[in-house]
Amino acid sequence: MRNVKYGMPAVHYPPVEQNAQTLRMYEAAGLDFALFWDNLIVGFPQSIWTPDITPAAAHYNVDNLLDGFIPMAQGAMVTENLELVMMALDPFRRAPNVVTQQILGIDHLSKGRASFHFGAGE
């Protein structure tokens with residue numbers, strides 16, 4: 001079990017300061033990575049996305065999902081050692097030149113701490 005790494009998902013919803021606080025907390029706790037995703041929607045039914053059923057509903061609205069590169073870029077700027085992992089980057093709805101430019105930007109911001117995994121999203 002020597003090579004096991006531990007991580008948690010980032011926050012992909014406004015207010016964006018929640019993501020910054022969360023990622024700083026992950027780093028302070030000694031986690032190895034934070035996960036980001038490239039989705040357009042999250043399929044939580046509105047009937048259960050209420051604070052009395054789902055406490056997180058008091059903090060953010062799942063209908064305001066941010067592009068995964070936004071919280072990832074923020075993570076690169078507010079952490080120093082946390083690996084930043086984009087899961088299932090969707091190559092079918094992003095032009096290759098745009099994806100390349102986004103990855104290059106995140107790579108520079110994070111000083112090489114980011115990784116990107118291609119696959120179908122939704």
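Where is Ala88 found? Ala88 is found in strand 3, and I'll come back to that residue in a moment.

Hello everyone, a word on ground rules. We are looking at a predicted model, where local features need pLDDT of at least 70 and side-chain atom pairs count only at pLDDT 80 or more, while totals for chains, interfaces and linings use all residues. Residues are numbered from 1 along each chain as its sequence is written, and side-chain values use heavy atoms, with hydrogens and water left out. Helices (DSSP runs of H or I, at least four residues) and strands (DSSP runs of E, at least two) are numbered from the N terminus.

So, back to Ala88. Its phi is positive, about 50°, although Ala88 is not a glycine. At 29% relative accessibility, Ala88 counts as partly exposed; here buried means under 20% relative accessible area, exposed over 50%, and partly exposed in between, with a 1.4 Å probe and protein chains only.

Setting aside neighbours within four places in sequence, Ala120 is in contact with Ala88 and Phe92, where contact means heavy atoms within 4.5 Å. Ala120 lies in the segment after strand 4 and is exposed, at 57% relative accessibility. The C-alpha atoms of Ala120 and Gln18 are separated by 27 Å, and these two residues are 102 residues apart along the chain.

Next, please look at helix 3. This helix covers residues 96–110, which is 15 residues, and reaches 21 Å from its first C-alpha to its last, close to the 21 Å expected at 1.5 Å a residue. That expected span is 1.5 Å times one less than the number of residues.

Which residues of helix 3 are buried? They are Val99, Ile106 and Ser110. These cover an arc of only 35° around the axis, which puts them on the same side of helix 3; the arc is that of the directions from the helix axis to the C-beta atoms. As a reminder, an α-helix has 3.6 residues a turn, so residues three or four places apart point the same way. The buried residues of helix 3 pack against helix 2 (69–78), strand 3 (83–89) and strand 4 (114–118). On the other side of helix 3, Asn97, Thr100, Gln101 and His108 are exposed.

Lys111 sits in the loop between helix 3 and strand 4 and is exposed, at 76% relative accessibility.

Now for the largest pocket. A pocket is an open set of points on a 1 Å grid over the protein atoms alone, where a 1.4 Å probe fits, with protein on both sides within 12 Å along at least five of seven lines; lining residues have an atom within 4 Å of a point. The volume of the largest pocket is about 220 Å³, counted as the space filled by probe spheres set on the points, with grid points joined across faces, edges and corners.

Its lining has 14 residues, and Pro9, Ala10, Val11, Tyr13 and Tyr60 lie nearest the centre. Helix 1 gives the most to this lining, with three residues.

Two last stops. The peptide bond from Pro14 to Pro15 is cis, with omega near 0°, and Pro15 is in the loop between strand 1 and helix 1. Thr54, in the loop between strand 2 (33–37) and helix 2, is buried at 19% relative accessible area.
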